Amino acid sequence: MSGFLDTGLLSPVSAGTNAEAELTDAAWLQAMLDAEVALAAAQADIGVLPRDAADVIAKAAAAHDIDVRAVALSARETANPVVGLIKELTRIVGEIEPSATDYVHRGSTSQDILDTGAMMLTKRVLEIIATDLGHVAEALAELAAQHRDTVMAARTLAVQAVPTTFGLKASGWRALVLEAHTRVCALADALPVSLGGAAGTLAGYLEYAGQEGIEPGAFVEKLNAAFARRTGLAESGLPWHALRAPIADIGSTTAFVAGALGKLAVDVLTLSRTEIAEVAEPAPPGRGVSSAMPHKRNPVLATMIRSAALQVPALSIVLTQSLLSEDERSAGGWHAEWLVLRECLRLTGGAAQTAVELSRGLQVRAERMSENLALLGGQPSAERLSAALAPRLGKGPAKAIVTAVVDEAVTRNLSLREASLARPEIIEWLSEAEIDKLLDPTTYTGAAGQLVAEVIARPC
């Protein structure tokens with residue numbers, strides 16, 4: 001058993017997910033190698049590096065035998081893994097073609113390579129997340145349409161308020177997921193290459209290219225465009241070694257996505273309570289079992305999503321703080337980003353993949369919703385009764401009378417209908433049939449149906 005590998009033991013929400021597979025140490029190392037290959041190819045594309053040398057570098061990166069753990073340990077002497085990685089890559093290139101070693105990492109710096117590799121990995125994971133969010137939005141649209149008119153109790157400050165529909169609740173979840181999807185896609189398209197050289201001036205790139213006859217502005221523009229094309233990333237504006245907007249954006253976006261999915265999770269957890277039991281998670285054999293209690297079937301999918309939603313916003317603060325990067329390269333600030341960046345992506349990706357299964361398999365118990373709504377004997381429609389009396393009595397007096405009727409119903413254990421029919425101030429203006437109609441929760445869901453239709457019509 002390895003003493004070094006993060007096996008996901010303490011992160012069930014991400015263990016075994018597609019996002020986790022893209023974010024292993026080996027994947028990070030390969031992404032940095034891919035950045036080196038793309039940089040050499042970009043320099044060859046604009047004619048400042050021999051194409052044969054770029055091809056050798058690509059061959060070495062594809063067929064390497066680099067020990068990830070050895071590179072990790074070497075980073076204790078240099079504070080970043082790129083230095084040790086370049087040493088190993090240069091060794092392999094030399095074994096293939098010694099003359100090509102001079103072109104490895106030419107003009108570059110560690111931060112260009114690590115940041116570009118990080119952006120390449122981030123883009124891949126964001127695309128996975130976007131796909132999963134699309135699946136969640138689709139499943140929630142189906143739930144919303146199916147239960148557009150399924151009446152249930154809305155709850156405010158933890159207690160029943162007025163009637164609503166499950167379709168509207170599912171539409172609210174979908175609206176957040178759609179917003180998350182929009183933000184993820186926009187960010188994935190905007191992630192830039194990192195190209196700055198030792199201190200953000202690109203002096204090393206220019207010097208190795210040979211400044212004579214080269215117009216610096218045109219060279220930088222060509223190299224930036226070629227590097228972006230080779231990596232699949234966006235071009236960078238100013239070098240961003242100490243201008244950490246891309247990292248802060250990843251933090252804020254993953255925090256929003258995790259929070260949006262967390263809203264779905266906390267609602268499912270609440271509605272799954274034994275005393276409420278209005279929804280249930282999909283429960284294949286073995287899912288949600290307890291180590292001690294045979295009867296338990298825990299809502300594990302929502303639990304895992306919520307765990308991610310509680311962690312990612314806190315972790316994202318570290319990425320936001322990266323904006324406080326001193327000078328032209330940060331000592332410690334840059335280094336603090338790496339593990340947190342991976343964890344934000346891994347947790348968010350795990351939550352999104354888990355939400356697909358939850359949303360597709362969520363069981364809705366309409367009969368239980370009706371039973372729970374009936375527990376208060378019509379009180380959730382008290383607002384409607386008050387509104388009906390307002391034109392006759394005035395808004396204030398009408399509310400006061402209905403409040404008194406509700407209090408009497410609670411004290412005497414009556415339904416709101418029974419208590420209302422016993423009040424002369426009410427039956428003077430409203431017939432028994434009108435009272436029955438006003439207190440029918442299925443006819444007091446306002447614009448819920450229209451709102452559901454609007455949300456499910458939105459494309460992902």
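Before the helices, a definition: a helix axis here is a line fitted to C-alpha atoms over the stretch in contact, and the angle between two axes runs from 0 to 180 degrees, taken between N-to-C directions. Two packed helices are described by that angle and by the distance between the axes. Keep in mind that this is a predicted model.

Start with helix α6, residues 110-146, and helix α7, residues 166-190. Their axes lie 9 Å apart, and the packing angle is about 160 degrees. Angles over 145 degrees count as roughly antiparallel, and α6 and α7 are therefore roughly antiparallel to each other. The crossing of α6 past α7 is left-handed. As for what sits in that contact, the residues comprise 19 nonpolar, four polar and three charged.

Now stay with α7 and look at its packing with helix α10, residues 245-271. These two axes come within 9 Å, crossing at roughly 165 degrees. That makes α7 roughly antiparallel to α10. Here too the handedness can be given: α7 and α10 cross in a left-handed sense.

Next, the pocket. How many residues line the largest pocket, and which lie nearest its centre? The lining has 23 residues, and those nearest the centre are Thr-24, Asp-25, Val-68, Ala-72 and Arg-342. Two or more lining residues come from each of α2 (25-45), α4 (68-74) and α12 (333-361). Of the elements, α2 gives the largest share, five residues. The volume of this pocket is about 740 Å³. Sorted by class, its lining has 15 nonpolar residues, six charged and two polar.

Last, the annotated region. The UniProt record, an unreviewed entry, carries the annotation "domain: Adenylosuccinate lyase C-terminal" for residues 377-456. In the model, residues 377-456 are 70% helix and 0% strand.

One more helix pair to finish. Helix α14 covers residues 382-393 and helix α15 covers residues 395-412; they pack at an angle of about 140 degrees, with axes 7 Å apart. That makes α14 oblique to α15. The handedness of the α14 and α15 crossing is right-handed.

That is what I have; questions are welcome.

Terms used
Residues numbered from 1 in each chain as written. Predicted model: local features only at pLDDT ≥ 70, side-chain atom pairs only at ≥ 80, totals over all residues. Heavy atoms only, no water. UniProt positions renumbered as here; feature names shortened; annotations may be inferred. Helix = DSSP H or I, 4+ residues; strand = E, 2+ residues; numbered from the N terminus. 1 Å grid on protein atoms, 1.4 Å probe; cavity = no way out; pocket = protein on both sides within 12 Å on 5 of 7 lines; lining within 4 Å. Points joined across faces, edges and corners; volume = space filled by probe spheres on them. Nonpolar A, V, L, I, M, F, W, Y, C, P; charged D, E, K, R; others polar. Parallel < 35°, antiparallel > 145°, perpendicular 65-115°, else oblique. Left-handed = near helix turned anticlockwise from the far one by under 90°.
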